[in-house]
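Me: Please take a close look at one helix and its surroundings. Then place that part in the whole assembly.

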Number of protein chains: 2
Amino acid sequence: MKNIIIASTSTIHGSGYLDYILNDLAEFFKGIDEILFIPYARPSGISHDAYTEKANMAFSKINKSARGIHTYENPTEAVNNAKAIFIGGGNTFVLTNQLYKNNLISALQTAIKNGTPYLGTSAGSNICGLTIETTNDMPILYPPSFKALAFVPFNINPHYLDPDKNSKHMGETRETRIKEFHNFNNQPVIGLREGSWLHVKEDSIVLKGELTARVFEYNKLPYEVLSGTELNQLK
Amino acid sequence: MKNIIIASTSTIHGSGYLDYILNDLAEFFKGIDEILFIPYARPSGISHDAYTEKANMAFSKINKSARGIHTYENPTEAVNNAKAIFIGGGNTFVLTNQLYKNNLISALQTAIKNGTPYLGTSAGSNICGLTIETTNDMPILYPPSFKALAFVPFNINPHYLDPDKNSKHMGETRETRIKEFHNFNNQPVIGLREGSWLHVKEDSIVLKGELTARVFEYNKLPYEVLSGTELNQLK
């Protein structure tokens, strides 16, 4: 049975790494002592070791540990044998490229389909959608494909940001960018604000956290959904 | 002789399309009555016709006209025969994809090398660098390559935005993103603020406009350059 948390961010302004969601993670990872951490997205170019240590420090607060996938000789086997999996944030292109390079796409899909609990934050959440084409990240390298893990039948836009009406900057707003996406694609996009997450349990997809999320469906006006809303019908 | 304007943006807050740079364009396009416009980047999904009309309206203020490349049967011949070329902003991935699809990369490189004046704004400036890997745009479709026109031996980051120290948003700053780019690439990146442009005349590359630009070189601290600075040595 699928059991997935797709979180907008790892960190809320003014608190530590994963702090805002730790209580929920204690419940989510109940009975599991070690989580397989995939540090491929490398925020600010941090090493796999240093990034894993950061995740490990956070998990230690709920008496769990994180082990980096890069410490295994065979990453596919590490995924197959994992009790739980966490993919952290960073650069979505770097993450996607490394997942393809290490042939992990179908291994992850199988493991998650078979019930291995999965936590994603930021880039690790982008990769849960149909494609990475609604990431906010800079395309600093060219991955073999933009197709993602497709744990949910839509796309994710993490760190969703409302338009700043006072800005004099002429770059596109997030909403404009997602509308442009819908000129070439027709799957829905969920804009997850920082502090929000989706909890996927088999066929149920529920918005969690304190904030509303913004849903962009093809050929519809975007709309807000409240925390607690079931998004099972969205596709 | 190469003669190129690489502009951060088409439009400055509070003024009309191309207004801020029209006087310079009158001089740049002196003696040329018709400019070939490449509307492929389609900002907000605008049609090729509507986008061309927008460019045409702006050029009419300096007694010039724009004709869209989509109105020619053979786009390569349109480039070969153009007296001047303008590629406007929008989505860099959409633009890049269409340039590859229509086999225009080498035609543009040849025309510009042979002296056809070229104006780029935003996405049309991104494409002037070595790769599009420092675009701010959303990757709404998958182009066959991230390699760009390489009119200059570095990358462009248009609409460059300084970090907002008051922001509580946890997404990466532009500077962080460009630093991440340098974990995987070693060419310099020029962050062009809105209202700034580069004027390339054969071997001379000069920063124009009122603002400074931010230069990111591999393994160096980023630094500011003043308007009027020659950037010929940067590569």
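Reply: The account below starts with the helix, moves to its cap, and ends at the chain contact.

This is a predicted model, where local features need pLDDT of at least 70, side-chain atom pairs count only at pLDDT 80 or more, and totals for chains, interfaces and linings use all residues. Residues are numbered from 1 along each chain as its sequence is written, chains are lettered from A and ligands numbered from 1 in the order in which they are written, and side-chain values use heavy atoms, with hydrogens and water left out.

The helix is α4 of chain A, residues 92-101. Helices here are DSSP runs (H or I, at least four residues), strands likewise (E, at least two), both numbered from the N terminus. α4(A) is mostly covered, with seven of its ten residues buried. Buried means under 20% relative accessible area; exposed is over 50%, and partly exposed lies in between (1.4 Å probe, protein chains only). The seven include a run from Thr92(A) through Phe93(A), Val94(A), Leu95(A) and Thr96(A) to Asn97(A). Leu99(A) is buried too.

What does the covering? Among the elements over the buried residues are strands β2 (34-38) and β4 (85-87). Helices α5 (105-113) and α6 (123-126) of chain A also take part.

Now the ends. Asn91(A) caps the N-terminal end of α4(A). A side-chain oxygen of Asn91(A) sits 2.8 Å from the backbone nitrogen of Phe93(A). That falls under polar contact: a pair of N or O atoms within 3.5 Å, where within protein one must be able to donate a hydrogen and the other to accept it, and residues adjacent in sequence count only if both atoms are side-chain atoms. After the helix comes Asn103(A), with a positive phi near 55°.

Asn91(A) is in the loop between β4 and α4 of chain A. It counts as buried because its relative accessible area is 1%. Contact means heavy atoms within 4.5 Å.

A rotation of 180° with 0.0 Å of shift along its axis superposes chain B on chain A (RMSD 0.0 Å). The same surface serves both copies: 100% of the contact residues of chain B recur in chain A.

Each chain gives 47 residues to the contact. About 3,700 Å² is buried between the chains, 61% of it on carbon and sulfur atoms. This is accessible area (1.4 Å probe) that the two parts lose on being put together, summed over both. In chain B, Met138(B), Ile140(B) and Tyr142(B) lose the most area to chain A, together 19% of what that side buries.

Two salt bridges join the chains, each a side-chain nitrogen of Lys or Arg within 4 Å of a carboxyl oxygen of Asp or Glu. One of the two pairs Asp137(B) with Arg177(A), at 3.8 Å from N to O. In chain B, α4 (92-101) and α7 each supply at least two residues of the side that touches chain A. α7(B) gives the most, with six.

Key. Least-squares fit on C-alpha atoms with pLDDT ≥ 70 in both.
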